[in-house]
Every structure is written in structure tokens, then in C-alpha cells.
There are 2 protein chains.
Amino acid sequence: VPADLHIVGAGLIGTSIGLALRGSRDVVLSDTDVAAQTRAVARGAGRPWDGSESAHLVLVAVPPRRTALVIDRLQRLNLGLTWSHVASVQDPVRLEVEALGADATTVCGGHPLAGRERSGPEAAVPDLFEGRPWVLCPGPTTSAEAVVAVRELAEQCGAEPVVMEPLQHDRAVALVSHLPQVAASAVAAQLLAASATGAVRLSGPGLQDTTRVAASDPELWVDVLRGNAQHVAPLVRGLAEDLAVLAEALQALAQDATSAEGRPLELVKDLLRRGGEGRRLVPVKAGAHDEDFVTVQVSVPDRPGQLAGILLTAAQAGVNVEDVHVEHLRGRPRGVVRLLVHRVSVGTAQAALAAAGWDVVTTS
Amino acid sequence: VPADLHIVGAGLIGTSIGLALRGSRDVVLSDTDVAAQTRAVARGAGRPWDGSESAHLVLVAVPPRRTALVIDRLQRLNLGLTWSHVASVQDPVRLEVEALGADATTVCGGHPLAGRERSGPEAAVPDLFEGRPWVLCPGPTTSAEAVVAVRELAEQCGAEPVVMEPLQHDRAVALVSHLPQVAASAVAAQLLAASATGAVRLSGPGLQDTTRVAASDPELWVDVLRGNAQHVAPLVRGLAEDLAVLAEALQALAQDATSAEGRPLELVKDLLRRGGEGRRLVPVKAGAHDEDFVTVQVSVPDRPGQLAGILLTAAQAGVNVEDVHVEHLRGRPRGVVRLLVHRVSVGTAQAALAAAGWDVVTTS
């Protein structure tokens with residue numbers, strides 16, 4: 001009797017999938033690193049693969065470059081009926097599977113959009129995929145059976161399956177994930193110039209947010225950017241070109257700052273306008289955007305419990321706080337707490353907070 | 001008897017300063033827009049200027065381009081002893097004051113780093129400057145008396161005075177404020193490409209944070225960028241050049257993705273590494289940086305009160321939560337709450353949350 005699922009690769013993703021399916025699926029686990037396999041098994045992610053057992057679905061969760069080779073090798077040993085993987089870049093794996101002469105009809109690639117800063121079986125958690133998109137990337141010859149097998153797996157892990165062609169997936173993540181990473185790193189890198197020494201004293205939430213992901217692991221990102229270089233390169237070039245045009249326009253304005261109109265000023269306005277339009281496409285909550293939310297600001301002493309009290313007040317008034325941002329005030333033991341609430345709740349929130357004695361300072 | 005302070009310009013900044021000083025200083029207010037002046041006076045920001053009264057300090061809070069002209073005109077009428085303004089770009093105002101032949105020795109420019117999305121006297125709030133830097137920008141001939149007058153004003157408004165040369169200030173804000181704004185707008189603008197339609201479904205916190213300030217008011221930013229074009233232009237050009245080099249490196253990798261080493265890969269690694277280094281310079285709390293904080297994640301139903309309960313638990317355990325991020329899970333009524341706590345508190349926070357029955361999912 002074949003196993004339900006064979007997870008090849010006992011890293012963060014493979015082990016987390018095993019943990020998510022614990023108790024509901026018969027999972028076997030393998031890893032060329034026997035110690036990793038043993039630790040994943042010890043954590044309850046599955047039973048150890050015996051080296052010959054076949055499975056209905058073989059999920060290859062190894063680094064992207066080895067993915068196609070592993071699928072090809074195990075297929076030749078007849079160790080699975082349907083096949084998937086979790087590569088963060090999809091089309092190169094599909095092409096390599098075909099180039100190796102493997103049976104592509106039983107392979108449906110997948111990409112769970114979930115991760116952590118840490119790696120390895122110890123970092124695995126069963127709810128890693130909870131509510132996250134899991135992109136299913138069938139190739140042109142992939143069977144419906146293979147797609148269904150991966151869809152069920154994604155759903156059982158708590159993820160939201162999204163079907164995309166492999167190339168469509170690779171272009172999408174280049175735009176919404178890889179380009180912002182590159183931009184954040186490039187902006188943060190500018191801070192290394194000597195002039196930044198005193199300048200960072202003047203920094204605020206804008207710089208903090210714009211550069212946050214620049215703190216990500218460079219080793220991991222080198223691999224991602226290399227893997228999707230084909231789609232990231234033109235986006236980065238487009239960004240560089242937009243910025244070069246803007247730099248030229250600003251240079252023209254610097255030489256004639258009094259010109260109220262003209263082409264350079266229009267170029268600056270145009271970039272800012274397009275940026276605003278683009279930003280409105282970014283969901284801040286499923287189906288909702290910036291303009292649906294209003295910020296309520298409360299000034300508080302910077303000590304334990306203040307945030308809890310504010311949120312308790314909001315909760316007691318029936319207000320759902322969508323997000324919270326805490327700004328610590330430099331040089332003093334106070335902070336400003338910004339609560340993001342839906343615009344229909346803003347009046348209720350303000351009234352309740354003020355009535356409870358909180359220092360509601362501004363609403364914008 | 002001259003008034004303590006004459007605020008020229010009853011907009012957001014001028015009116016907020018008046019409100020901050022209410023009860024502690026004798027403030028007169030003027031605005032060429034009589035209706036705005038009347039509304040600011042009605043809000044308690046000061047008494048109306050009688051058209052001839054002089055003041056110890058005249059603070060000109062009008063748009064940057066009119067600032068020097070207003071100082072020059074009022075100086076010629078002998079209406080003040082010391083002078084300041086609030087221009088977001090300082091050196092051009094200083095030069096214009098000199099070019100107009102006004103007395104520069106009594107002028108100390110200033111820039112309170114505070115603002116709101118809304119403008120006008122109605123948007124004014126007394127605590128707008130609370131804990132924010134207020135940069136004092138004396139020129140080479142500015143008297144100590146003028147600097148002291150502005151420093152006292154900044155302190156009375158609750159701000160933290162920082163002294164910088166005007167050019168140093170302009171370069172600093174170009175780097176820590178204007179460049180991130182341009183970058184965020186440029187990244188967000190890329191989302192307007194047709195390919196973004198399906199792609200934003202895959203977006204996560206990275207895109208959200210990197211593009212947040214792209215939602216800022218374009219009218220306001222056109223003026224800021226034009227005013228500081230001289231210093232923003234070379235930074236934007238440097239960013240464009242870094243990105244152009246990266247685009248070329250990625251293009252080379254796309255053509256030979258298997259190359260494990262070589263110059264293109266080194267360029268990609270270098271940008272990511274420099275980005276990480278730059279990010280470490282960005283204060284996330286006065287004197288503290290990313291590496292001092294650890295994120296504790298809790299999975300919760302997406303309904304009122306959950307956030308309050310979590311923070312209450314943390315507070316009861318004596319844990320100061322530095323910041324909170326709420327991620328709503330698409331397609332389901334759940335969310336992940338990320339609490340940023342100092343690394344010394346992480347064990348306490350996790351234990352307390354788990355003991356109280358919260359679903360502590362991952363810590364990274």
C-alpha cells in the first residue's frame with residue numbers, strides 16, 4: 001500500500017507541512033541529511049521513509065536547484081503517482097523536469113507563500129501556511145489529478161490555493177516581493193554614505209517602513225533573486241529608469257527652482273501620482289485598501305500596559321482595531337499609539353477612548 | 001510692549017505652535033487669509049495681530065517660497081527683534097534672505113519634523129511636535145540670541161531641538177525622508193503595469209511596508225522635492241545607478257543562472273549586504289535597532305478584543321510591547337498578531353501568553 005504523502009526534504013517547509021498534516025494523513029519523510037530527517041520525525045512531522053516505499057503524492061521540498069533532479073530520480077524508481085514541489089520560482093523547475101525527460105503530466109508545482117527568518121526542522125511550525133496563498137502552478141500537460149492532489153494538500157495545511165501558470169507566478173512574485181526587497185535594500189544602502197551619520201537622527205516612520213525588509217537574510221535572497229533573475233531584471237531596470245528620469249527632472253528643477261511649470265515638474269508630479277495609484281492597489285486587508293481606514297492617535301506613557309488598556313477600551317466599545325503602530329518619542333518616556341480602524345468605526349473609537357481618559361491627540 | 005511671539009501664517013504648523021504655547025506665552029497671530037486667522041484665533045492659538053504690533057520673536061510659517069519675502073518685508077517695518085521660520089528646506093531661504101538684503105544676524109531658521117495628512121488651522125493640534133526633532137539652522141552670521149529664542153520655542157512645544165547647518169539639514173532630510181518617499185512612489189508606480197492585476201493577490205507585509213508612504217499627498221511632496229531638488233537629485237541618481245547595475249547583474253544571471261560565482265552574483269550579494277548594514281543604522285526606537293528586538297507571533301480570531309487580551313497578558317507579565325503588527329489572513333476570520341519585544345523579554349512574553357491560553361505560533 002503506498003503512503004499518502006512522501007515529503008522529500010526535512011527543512012522548514014517540508015517539516016512544517018508534515019506537522020500541519022499530523023493526525024490527518026499518513027506521511028513519510030526523507031532527507032539526505034539523516035540527522036535532519038531524524039529531528040523532523042522526532043517532532044512528529046511523519047514516519048521515516050524506508051527507502052523504497054511509494055506514495056500517492058511526492059512533495060519535493062529541497063532547494064530549487066535540486067528540485068527537478070530529485071523528481072526525475074524518484075520518478076525513475078516509480079516511487080510516486082503524483083508530484084509536487086515548493087520552489088519559490090516555478091518555471092525553471094518545470095523546464096528542467098521536461099529537459100530531464102521526466103513525466104511532466106504527473107507534476108504540479110506549488111509555492112506556499114510562507115516562511116520564517118530561521119530554517120531547518122526546528123523552526124517548523126504546523127500553522128506556517130495558515131491563511132497564506134499557496135500558488136498551484138500546473139504546466140501545460142499537467143493532469144487534473146495532480147492539480148487536485150496539491151490543492152487538497154494546500155487546503156489541509158490551512159492555506160488558500162491560487163492557480164497560476166508557472167511564468168505568471170514567477171512574474172507576480174518578481175513584482176510584489178522581489179522588486180520591493182531590492183528597492184528597500186538599495187535605499188538602505190544609501191544610508192552608508194558618510195553624510196548619513198547625523199542624518200539618521202532625523203529619521204521617522206517613513207524611512208523605517210521603506211527599509212524594513214532590507215534586514216532580511218542576504219543569503220536567502222541571493223538565491224531567490226538568482227532564481228528569478230529573468231523576471232526581476234526588467235522590473236529593476238524599469239525602476240532604475242524611472243528614477244534616472246526623476247533624477248534628471250530634479251536636477252533641472254535644482255537649476256531653475258522657480259519654474260512653476262514645465263516638463264521637469266510634470267515628471268515629478270507624474271511619479272508621485274502614479275505611486276499613489278499603485279499604492280491603492282495594495283490590499284492592506286483582504287479586499288480593503290488604505291482609503292477604507294482611518295488612524296486614531298493616542299498619546300501614552302511608554303511603559304507596560306498602556307497599549308493593552310487602549311485596545312481593551314476599543315474592544316469594549318466593539319471597535320475592531322485593524323492594525324497598531326507604536327511610535328516611541330525620542331528622548332522622553334512617551335509614545336504615540338496609532339490605531340487603524342475602519343472609517344465607519346472612527347467616531348465610536350474616539351468617543352470611547354476619550355471617555356475612558358485616554359489622550360486622543362489627532363485623527364487623520 | 002512687544003508681544004512674545006508673532007506667528008505669521010495660520011496653517012497647520014503655525015496654529016499648532018500657537019496651541020502648544022497656549023497659556024504660557026503671549027502669542028499674536030496673522031494671516032493674509034483673514035478667515036484662516038479668525039479660525040486659528042477661535043481655536044485658541046493666539047490673539048489677532050493688530051497690524052502694527054512688534055514681537056520679540058517673529059515666526060514665519062508660510063509656504064517656503066514666500067518665507068524670505070515675508071521676513072524681509074516685516075523686518076523693514078521693524079516688527080521683530082529675532083526671526084525664525086519652519087521651511088522644510090532651509091538653505092534656499094537663508095540665501096534668499098541675504099539676497100533680499102535683510103538682516104540675517106537676527107534670523108535662525110527652524111524645521112519642526114512633524115506634520116499631518118491634513119492642513120489648515122482645523123487640523124492643528126497642540127501636541128504635534130511632542131518628542132519630534134525640531135532642527136535649528138543658524139546661518140554663519142546668526143546671533144546666539146536668535147538661536148536661543150528658537151530653541152526655547154521648540155522646547156516649549158515639546159520638541160527636541162537639534163542644531164544643524166542649513167545645508168547639512170537639507171542633505172539630511174533628502175536622505176532620510178525625501179529619498180525614501182521617491183523610492184516608495186517609484187516601486188508603487190510599477191504596480192500599475194498590466195501584469196500587476198493578479199500579482200497583488202500574492203502581496204504580503206513586504207510590499208505593504210515598502211510602499212506605505214506612496215499614499216502621501218502628491219501636491220505637498222512636489223513642493224518639498226522641488227525645494228530640495230539640489231540635494232535629492234544626486235541621491236536619486238545614485239539610487240538609480242545602483243539599481244541599473246543590479247538590473248544588469250540580474251540580466252547576466254538570467255542568461256547563466258547556473259553560475260555559482262562571478263561578478264554578477266557578487267554585485268547582487270553586495271547590494272543586499274550593504275542594504276542590511278544601512279538598515280542597522282535606522283533607529284527603531286531611541287537608541288535601539290532591529291537586532292535588539294524579537295517578534296513573538298500569536299494566531300487569533302479576527303474579531304474585536306483579541307488584540308487587547310494579548311496585550312493585557314503581556315502587560316500583566318511586565319513585558320513592554322514595543323510595537324504590534326496585525327496580519328489579516330485572507331479568506332478567513334483569523335489573523336496573526338506580531339508583538340515586537342526587547343530580546344530580554346521574549347521568554348517571559350512567550351511563557352505568559354502560552355499560560356493564558358493564547359496560540360503562540362512562532363517566534364523569529
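Me: Before we count anything in this predicted model, what makes a stretch of chain a helix or a strand here?

Reply: A helix is a DSSP run of H or I with at least four residues, and a strand is a run of E with at least two. On that basis, chain A comes to 13 helices and 12 strands.

Me: Nice. How do you know how much of chain A is buried?

Reply: A residue is called buried when its relative accessible area is under 20%. Of the 364 residues of chain A, 59% count as buried. For a sense of extent, the C-alpha atoms of chain A fill a box of roughly 75 × 55 × 40 Å along the principal axes. As for contacts in chain A with a separation of 6 or more, 68% are accounted for by residues 24 or more positions apart.

Me: How do you know that the copies meet through the same surface?

Reply: Compare the two interface lists: 100% of the interface residues of chain A are also interface residues in chain B, so the same surface is used by the copies.

Me: Why are α12(A) and α12(B) called roughly antiparallel?

Reply: Both helices span residues 306-316, and they pack at an angle of about 150° with their axes 8 Å apart. Roughly antiparallel applies to angles over 145 degrees, so α12(A) is roughly antiparallel to α12(B). As for handedness, α12(A) passes α12(B) in a left-handed crossing.

Me: Which residues make that contact, and what are their classes?

Reply: From α12(A) come Leu307(A), Ala308(A), Leu311(A), Leu312(A) and Ala315(A), and from α12(B) come Leu307(B), Ala308(B), Leu311(B), Leu312(B) and Ala315(B). Ala and Leu both count as nonpolar. By class, the contact of α12(A) with α12(B) therefore has 10 nonpolar, no polar and no charged residues.

Me: Why is Asp209(B) called buried?

Reply: Its relative accessible area is 11%, and the cut-off for buried is under 20%, so Asp209(B) is buried. Asp209(B) lies in helix α8 (residues 205-210) of chain B. Leaving aside residues up to four places away in sequence, Asp209(B) touches Asp209(A), Thr210(A) and Arg212(A).

Me: And what about Asn78 in each chain: buried or exposed?

Reply: Exposed means over 50% relative accessible area. Asn78(A) has 64%, so Asn78(A) is exposed. Asn78(B) has 63%, so Asn78(B) is exposed too.

Me: Where do they sit, and what is the phi of each?

Reply: Asn78(A) is in the loop between α3 (64-76) and β5 (80-85) of chain A, and Asn78(B) is in the loop between α3 (64-76) and β5 (80-85) of chain B. Asn78(A) has a positive phi of about 55° although it is not a glycine. For Asn78(B), also not a glycine, phi is positive at about 55°.

Notes:
Residues are numbered from 1 along each chain as its sequence is written. Chains are lettered from A and ligands numbered from 1 in the order in which they are written. This is a predicted model: local features need pLDDT of at least 70, side-chain atom pairs count only at pLDDT 80 or more; totals for chains, interfaces and linings use all residues. Side-chain values use heavy atoms; hydrogens and water are left out. Buried means under 20% relative accessible area, exposed over 50%, partly exposed in between (1.4 Å probe, protein chains only). Contact means heavy atoms within 4.5 Å. Axes are lines fitted to C-alpha atoms, for helices over the stretch in contact, and angles run from 0 to 180 degrees between N-to-C directions. Angles under 35 degrees count as roughly parallel, over 145 as roughly antiparallel, 65 to 115 as roughly perpendicular and the rest as oblique. A crossing is left-handed if the near helix is turned anticlockwise from the far one by less than a right angle, and right-handed if clockwise.
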